[in-house]
Amino acid sequence: SCSADDGADASMCHSADSSKSKSLNLMMISCEENPPYGPSKDTAIMFLELLCQAYERKCSLLSTTVSEMSIGREQQMANNGDTILTISITVYHAQSNNDYPLTSSEWSSYDGVLIPGSLSAAYDTHIEWIEKLQSVIRNDIHKMRLKTMGVCFGHQCFAHAFGTHGEDGGREGRAIKCPTGAKAG
């Protein structure tokens, strides 16, 4: 059984392909608890549902059958030769500043990283948790070559973490504040 707030949510999807069991163990670095990007539990469940739907679609394209999925808890399924895919997402909280895996073995236990959206801006590196997140992206996620999907703020933070200064002193590969109103576009 899994906790949706601080632990792993698990979702089971299965197809009539073989008797093997597969797992996908992901971590999500939550960057916001306020709607529309939070609460983090809801965001993790949304990712689980989308990943299961993608798996179901893949299975249907392979002319297999896919049965019901279970969100929020792990369970054993006896399904007469079906492949069981267990997807789990462990939620960490970037705004807590030090809520990240503590050891390299903990980091390496994940197959990938999800970094979703936030109401904050990736270029606000004067905010401690954003600076820490970008450092974690450079020094942990990239160093360990973990597959990563950043959405909105998440992908901007990823780009910003590796941005460089151009010859003219301007920033290249970084998120910048965009104009609004008549000047935008």
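This is a predicted model: local features need pLDDT of at least 70, side-chain atom pairs count only at pLDDT 80 or more; totals for chains, interfaces and linings use all residues.

**From one serine to the core**

Setting aside neighbours within four places in sequence, Ser118 is in contact with Cys31, Glu32, Tyr37, Trp129 and Phe153. Ser118 sits in the loop between β5 (112-115) and α3 (128-142).

Is Ser118 buried or exposed? Its relative accessibility is 6%, so Ser118 counts as buried; the cut-off for buried is under 20%. Its side chain also has polar partners. One is the backbone oxygen of Cys31, reached at 3.1 Å. Another is the backbone nitrogen of Ser120, which lies 3.0 Å from a polar atom of the Ser118 side chain.

Two of the contacts of Ser118 lead onward: Trp129 and Phe153. Take Trp129 and its helix to begin with. Trp129 is one of the buried residues of α3, along with Ile130, Leu133, Gln134, Val136, Ile137 and Ile141. What do these buried residues pack against? Their partners are β2, α2 (104-108), β5, β6 (147-150) and α4.

Now the geometry of α3. The helix has 15 residues, and at 1.5 Å a residue it should span 21 Å. Its end C-alpha atoms are 20 Å apart, which agrees. There is a kink in α3 of about 30°, centred on Val136.

Nonpolar side chains tend to be buried together in soluble globular proteins. Here the largest nonpolar core holds 21 residues, and Ile29, Ile115, Leu133, Ile141 and Phe153 touch the most other members. At least two residues of this core come from each of β2 (21-30), β5, α3 and α4 (153-161). Which of these elements gives the most? It is α3, with 6 residues.

Ile141 shows the packing in detail. Leaving aside neighbours within four places in sequence, its contacts are Ile29, Trp107, Val113, Ile115, Val136, Leu146, Thr148 and Phe158. Apart from this core lies another, of 13 residues, including Leu48, Tyr55, Ile87 and Val91.

Phe153 is buried in α4, as are Gly154, Cys157, His160 and Ala161. Why do these residues lie on the same side of α4? They cover an arc of only 125° around the axis, and therefore share one side of the helix.

Conventions
Residues are numbered from 1 along each chain as its sequence is written. Side-chain values use heavy atoms; hydrogens and water are left out. Helices (H or I, at least four residues) and strands (E, at least two) are DSSP runs, numbered from the N terminus. Buried means under 20% relative accessible area, exposed over 50%, partly exposed in between (1.4 Å probe, protein chains only). A polar contact is a pair of N or O atoms within 3.5 Å; within protein, one must be able to donate a hydrogen and the other to accept it, and residues adjacent in sequence count only if both atoms are side-chain atoms. Contact means heavy atoms within 4.5 Å. A nonpolar core is a set of buried Ala, Val, Leu, Ile, Met, Phe, Trp, Tyr and Cys residues joined through side-chain atoms within 4.5 Å. The arc is that of the directions from the helix axis to the C-beta atoms. The expected span of a helix is 1.5 Å times one less than its number of residues. The bend at a residue is the angle between axes fitted to the seven residues ending there and the seven starting there.
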